[in-house]
Amino acid sequence: MGEPSRPTGPHDARDDARDDGPAGAGAAPVPARCPGCGAPPGLSVLVEEPETHGGARRLICAQCERAWPFPRIVCPACGAEETERLPRFQAEEIPGARIEACDACGTYLKTIDLTRDARAVPAVDDLATCSLDLAARERGYRRIGAG
Ligand SMILES: [Zn+2]
Ligand SMILES: [Zn+2]
């Protein structure tokens, strides 16, 4: 076969594999991982705590359901702390649940507010609010820990 070989140039090597890891993070361990099994969080809850006003945030492991404390205004996936990059939206039918998304990394986590209804069961509310997941996905976010 007389196929002419394509000219090879020096511009073949892709140069986008540079190590631009996140610079020195603050106090928050980011990305947030379960202290028990190392899996990413699957859900977030707000609980009453005497020393906070309006509740403290806990992340719940997607694998073993262990909960651990985490700052309220920090993206668990990338550590973004700017409120303008962390949009929230709620379901009208379930005022105690909301989506906390992150424009910096494109992920979201669902938050169940247990300070409004202490009898709420996060895993049940998670299923009951799948419309929130749809709304988040329509806006282009993907759920933390979902692949
Ligand atoms: Zn775990
Ligand atoms: Zn993020």
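**View 1. Arg 88 lies in strand 4 of this predicted model.** Strand 4 covers residues 88–91. Arg 88 counts as exposed, because 11 C-beta neighbours lie inside 10 Å and exposure requires 12 or fewer. Beyond four places in sequence, Arg 88 touches Arg 98, Ile 99 and Glu 100. Take Glu 100: 12 residues separate Arg 88 from Glu 100 in sequence, yet their C-alpha atoms are 4.6 Å apart. Among the elements of the chain, strand 4 has the lowest mean pLDDT, at 88. Strand 7 (residues 142–143) has the highest, at 96.

**View 2. Strand 2 pairs with strand 1 and with strand 3.** Strand 2 spans residues 56–61. Five of its six residues are buried, so strand 2 is largely enclosed by the rest of the structure. Six bridges join strand 2 to strand 1, residues 41–47, and the two run antiparallel. Three bridges join strand 2 to strand 3, residues 67–69, again antiparallel.

**View 3. Glu 65 sits in the loop between strand 2 and strand 3.** The two strands form a hairpin with five residues between them. What is the phi of Glu 65? It is positive, about 65 degrees, although Glu 65 is not a glycine. Most residues other than glycine have a negative phi.

**View 4. Strand 1 pairs with strand 2 and with strand 6.** Strand 1 is mostly covered, with six of its seven residues buried. Its pairing with strand 2 is antiparallel. Three bridges join strand 1 to strand 6, and here the strands run parallel. Ser 44 shows both pairings. It stands opposite Leu 59 in strand 2, and its bridge partner in strand 6 is Thr 111.

**View 5. The largest nonpolar core holds 22 residues.** Which of its residues touch the most other members? They are Ala 101, Tyr 108 and Ala 136. Strand 1, strand 2, strand 5 (94–101), strand 6 (107–113) and helix 2 (130–138) each give two or more residues to this core. Ala 101 touches Leu 86, Pro 87, Tyr 108, Ala 136 and Tyr 141, leaving aside residues up to four places away in sequence.

**View 6. The whole chain has two helices and seven strands.** Along the sequence the pattern reads β-β-β-β-β-β-α-α-β. Of the 147 residues, 27% are buried. Among contacts with a separation of 6 or more, 52% join residues 24 or more positions apart.

**View 7. Residues 11–26 keep a pLDDT under 50.** For this stretch the model has three contacts beyond four places in sequence. Where pLDDT is low, the predicted coordinates should not be read in detail. Across the chain the mean pLDDT is 82, and 79% of the residues score at least 70.

Note on methods: Residues are numbered from 1 along each chain as its sequence is written. Chains are lettered from A and ligands numbered from 1 in the order in which they are written. This is a predicted model: local features need pLDDT of at least 70, side-chain atom pairs count only at pLDDT 80 or more; totals for chains, interfaces and linings use all residues. Helices (H or I, at least four residues) and strands (E, at least two) are DSSP runs, numbered from the N terminus. A residue is buried if 20 or more other C-beta atoms lie within 10 Å of its own, exposed if 12 or fewer, and partly exposed in between; C-beta atoms are placed from the backbone. Two residues are in contact if their C-beta atoms, placed from the backbone, lie within 7 Å. Two strands pair if DSSP finds at least two bridges between them. A nonpolar core is a set of buried Ala, Val, Leu, Ile, Met, Phe, Trp, Tyr and Cys residues joined through C-beta atoms within 7 Å. pLDDT is the predictor's confidence in each residue, from 0 to 100.
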